[in-house]
Amino acid sequence: MKKTGSQILLESLQLEGVDTIFGYPGGTVINIYDDLVDYQGIKHILTRHEQAAVHAADGYARATGKVGVAIATSGPGATNTVTGIATAYMDSIPMVIITGQVPTPLIGNDAFQEADMVGITRPVTKHNYLVKDIKDLARIIKQAFYIARTGRPGPVLIDLPKDVQIATTKFEYPDKVELRGYKPTYSGNIRQIEKAAKMVLAAKKPVIYVGGGATLSDCSEDLKKLAEVTQSPLTTTLMGMSSFPSRHPLSLGMLGMHGTYYANMAVTNCDLLVAIGARFDDRVTGKIATFAPHAKIIHVDIDPTSIKKNVRVDLPIVGDLRDVLQNMLKKLAEQGDAVESLVERTAPWRAEIDEWKKKHPLTYKKEKGVIKPQYVIEKIRELTNEDAIITTEVGQHQMWTAQFFEFAKPRTFLSSGGLGTMGYGLPAALGAQAAFPERQVIDISGDGSFQMNSQELATLVQYKLPVKIVILNNGYLGMVRQWQQLFFDRRYSQTPLELPIDFTKLAEAYGGTGFRAEKPEEVEAVIKKGLETAGPVIMEFRIAREENVLPMVPAGAGINEMVLAS
Amino acid sequence: MKHTISILVENEFGVLSRISGLFSGRGFNIESLSVAPTLDASISRMTIVTSGDEQILEQITKQLNKLIDTIKVIDFTGQDYVERDLAMVKVNAEDSTRAEVLRIADIFRSKVIDVTPRSYTLEVTGAPAKVDAIIELLRPMGIKEVVRTGPVVLGRGAKGWRSNE
């Protein structure tokens, strides 16, 4: 029996195991939406903006590890997805985005709601397709899912013209993908791994530096073993945050621009840096010339382009992190005595780090009558369980969350690291909650970022997604204000958000619930009430207006040149 | 430093923009680019001349390899290869210079492929330096128009690209 293009799309999604999609209808996807009525196995969540649909699919993907799927119509619907796609691309998130397109005979005519999506998204997708012939559709969908989730994951866009959705053909979903130009390397070179094990065994001051790749390859257990067996201190990037328990004795927390004193000092003084699924981003390295100046560097990554892109590497290993780590652990296990002497030899190094930890722990000053944002974060941690999924927007609240919320389990911290997209956190929380209706999902936000996608409150209420939203309200675009304070003589150009918005009323307007705290003694009660209340809740905290994120490495400085909290 | 790279790609819609977009998006140079299908019509071969230090070239080849449509990247730096550039040169040929133009063409084993009472169009093939040289010699006669393909290269020896993996 022949099927239409839109039926083939929906059948294929089911065969790929997709049960939830996020999207927004329109003229060139109306056939897909019509057929969707007959496909009860696929739950569609209607967001209030296409950008939010893509962020929601992204949050869904980060929380579950599955491929997130979003759909939008042609033209403005499609261009609205671009920020979401770029966000996913920078953080290597597996996603498939379907956009409608004007009928093939009209392509290139500047037709109504036409935009060249393959052209526009080429630099922000892992790959993209324009489907010109219905006979190619099933193969392209199969390839898109395969490309999105294998190797270094990433978003793949399928631009699907309306006439191809209507055309019919016999539907056969391919079993296999054949792409002669795409063969990711999964097994690390065993001789390189042996060399790496030797370098680790010879180290005096080793540090493990972990990025988002650890989450993507689900290798938290192996990572923990490597750190524990070798007793190596471990620091993570923002993206690597929840892949290693923050409270582990070997944890150094985050490194880089707003990293801990001890993480940055450890990296600056180490003699071996084992980089695992990280890409030496400029926010991590600061001035390259003074980054880990005494260290030999081992770099494990599935993407060869990440290696030697920003820093010199002494030993590259291309492969899946889990494969490489497990083989490295095997090699180390064969050398029991050498491991023992490593642990003995590196004891003074750990003692040195403990001194740094004591000297400059992460801290903030409490002030009477003023709510400190860090205190709010600490209280949320106290009052939530370890399974809670935390999303953030971008700015000061994001850094305070990274610093003071101690993550215990993988895939519990969802944040836009690479692109730094304000407005990410709320829709991402929506997607995560759709994937895990029973878990606590909390968007920690600022008053600036929150307003970039606040319309999604409607989606939360409509689908009964009980996301809790924490707004750390300082009436500023706080991170930019902090830079203006420190580097531009306190000229607060366009950073005060002068209009005092009543966020609790906003929550009520959408059919949610709102609570506000203005004094420190109200904080705990508001969080408790907020978490206990059914449905979406906004908890607004009027915080110290000019609190800064510290430590801070000024742009262009070495990461050991930190401005510390006094 | 100049580098010549051959790229075997899927002969598909938009592949040229993926390659050229990669170069422009990452700030890499393209000095010349030529592309045409190979014997296997599903594969196109591009020859790109680019410049940059060793680290940049390593990134270029890695980034090219990362594209889904890229089947193989061959960097000819330090390898033995043959290289040809083709140019067509439309040059003034007044009474006083007609003989000189033909003499120069003859020295470079160049062919006259179009002729009018006031001009010759010459075809010249060779390594880029040879093409540069004839253009320099013809310049005083008054060149009206030049078109060059940019170099194409093949590795020396009996092996084809499929076998040198």
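**Loops, helices and spaces**

A:Y186 sits in the loop that joins β8 (168-170) to α9 (190-202) of chain A. The model is a predicted one. With a relative accessibility of 34%, A:Y186 is classed as partly exposed. Its C-alpha atom is 4.7 Å from that of A:D320, although 134 residues separate the two along the chain. Setting aside residues up to four places away in sequence, A:Y186 touches A:T150, A:G151, A:I302, A:G319, A:D320 and A:D323.

Beyond its neighbours within four places in sequence, A:S454 is in contact with A:L426, A:L506 and A:Y510.

Backbone geometry comes next. Most residues other than glycine have a negative phi, and most peptide bonds are trans. A:D110 has a positive phi, near 55°, and is found in the loop between β5 (95-101) and α6 (117-121) of chain A. At 72% relative accessibility, A:D110 is exposed. A:K308 also has a positive phi, near 65°; its loop runs between β13 (296-301) and β14 (315-318) of chain A. The relative accessibility of A:K308 is 31%, so this residue counts as partly exposed. The peptide bond from A:L550 to A:P551 is cis, with omega near 0°, and A:P551 belongs to the segment that follows β20 (537-542) of chain A.

Helix α16 (residues 347-359) of chain A has 13 residues, which at 1.5 Å a residue should span 18 Å; the end C-alpha atoms are 18 Å apart, in agreement with this. Which residues of α16(A) are buried? They are A:W349, A:R350, A:I353 and A:W356. Because they cover an arc of only 110° around the axis, they fall on the same side of α16(A). An α-helix has 3.6 residues a turn, so residues three or four places apart point the same way. On the other side of α16(A), A:P348, A:K358 and A:K359 are exposed. The cover over the buried residues of α16(A) includes β9 (206-210), α11 (220-230), β11 (251-254), α12 (261-269) and α15 (336-345) of chain A.

In chain B, α2(B) also has 13 residues, and the distance from its first C-alpha to its last is 18 Å, close to the expected 18 Å. The buried residues of α2(B) are B:L57, B:Q59, B:I60, B:T61, B:K62, B:Q63 and B:L64. Among the elements covering them are β1 (2-10), α1, β3 (43-51) and β4 of chain B.

A search of the whole structure finds one cavity of 30 Å³ or more. The largest cavity contains about 30 Å³ of space and is lined by A:T236, A:M241, A:F244, A:S246, A:S251 and A:G253. Two of these lining residues are nonpolar and four are polar, with no charged residue.

Technical notes:
Residues numbered from 1 in each chain as written. Chains lettered and ligands numbered in written order. Predicted model: local features only at pLDDT ≥ 70, side-chain atom pairs only at ≥ 80, totals over all residues. Heavy atoms only, no water. Helix = DSSP H or I, 4+ residues; strand = E, 2+ residues; numbered from the N terminus. Expected span 1.5 Å × (residues − 1). Buried < 20%, exposed > 50% of the residue type's maximum accessible area, 1.4 Å probe, protein only. Arc of directions from axis to C-beta. Contact = heavy atoms within 4.5 Å. 1 Å grid on protein atoms, 1.4 Å probe; cavity = no way out; pocket = protein on both sides within 12 Å on 5 of 7 lines; lining within 4 Å. Points joined across faces, edges and corners; volume = space filled by probe spheres on them. Nonpolar A, V, L, I, M, F, W, Y, C, P; charged D, E, K, R; others polar.
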